[in-house]
Amino acid sequence: MKDFLSECHYQETHFSEIDPNMPFLQVDNADEIIHKICHLQIESLKDTAELMESATVEEAGHMLLSSRHIVVFGISPNNILGELFKRKMESIGHLVYIANMGESGMIANSLTEKDCAVLISYSGNNENREPMRYIKALKENNVKLVGITSGGNNYIRENIRCVLTISTHERLFTKISGFATEESINFILNILFAYCFSQNYMQNYNHKINNSIALEKNRRASINEMKEEIQYYDEQENK
């Protein structure tokens with residue numbers, strides 16, 4: 001009864017104005033759609049932030065930083081969001097791999113206690129479905145595990161100690177799109193990257209800037225606020 005009342009309170013105090021499953025209607029014009037999707041995604045971010053516990057973020061961050069390999073397991077679109085996380089982590093020298101369909105089982109069985117697996121699933125329930133089906137093998141190999149899933153009890157929560165919670169308001173099937181869920185997952189991955197960055201702040205900052213200058217020196221911007229000093233000096237030399 002306590003769990004039921006808690007869930008009722010959670011549902012009543014979040015997303016009160018916008019239905020996350022049907023955030024806009026057929027009669028809505030472009031301005032209304034812009035406002036509603038914006039409001040929905042802002043609410044998803046706020047909800048996810050409230051569900052986060054700093055101790056869990058710290059534990060997950062330390063596992064990532066202490067690992068030889070970091071592998072993200074999840075089906076589309078979660079693995080696509082993982083690609084953004086992969087790029088950010090690689091910008092500070094930490095290699096991340098995305099376990100693609102057809103190769104996930106082989107990758108799961110090749111990881112060891114020196115590695116970390118990040119498993120992303122909104123429902124997190126079907127132990128025979130990806131990525132849950134690999135949890136047993138990962139645990140047998142003593143791989144460090146980070147779960148990202150919905151609230152409430154599910155297979156991921158039963159088998160992984162370190163779990164971050166996705167904003168949980170969308171139905172599994174009868175919805176227009178996963179606007180809120182995707183925003184929530186991307187936010188969680190951004191928080192993990194930011195925490196990892198913060199643990200060696202100046203070294204990571206210098207590493208990223210030096211790589212950006214070396215690899216992207218030819219990038220140009222016409223808006224002053226976007227221009228970098230290196231571009232300004234190049235423009236002066238060319239005058």
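1. Glu90 and Lys86 sit four residues apart in helix H4 (residues 78-90), so about one helical turn separates them. Helices here are DSSP runs of H or I with at least four residues, strands are runs of E with at least two, and both are numbered from the N terminus. The two side chains form a salt bridge, with the closest N and O atoms 3.1 Å apart; the term means a side-chain nitrogen of Lys or Arg within 4 Å of a carboxyl oxygen of Asp or Glu. Glu90 is partly exposed at 29% relative accessibility, and Lys86 is partly exposed at 23%. Buried means under 20% relative accessible area, exposed over 50%, and partly exposed in between (1.4 Å probe, protein chains only).

2. The model is predicted: local features need pLDDT of at least 70, side-chain atom pairs count only at pLDDT 80 or more, and totals for chains, interfaces and linings use all residues. Residues are numbered from 1 along each chain as its sequence is written, and side-chain values use heavy atoms, with hydrogens and water left out.

3. Five salt bridges are found in the whole structure. One of them joins Arg68 and Asp115, at 3.0 Å from N to O. Arg68 lies in the loop between helix H3 (54-65) and strand S1 (70-73), and Asp115 in the loop between helix H5 (104-110) and S3, so the pair ties together parts 47 residues apart in sequence. Asp115 is buried, with a relative accessible area of 0%, whereas Arg68 is partly exposed at 46%.

4. Asp28 pairs with Lys36 in a salt bridge, the closest N and O atoms being 2.8 Å apart. Asp28 is buried, with a relative accessible area of 12%.
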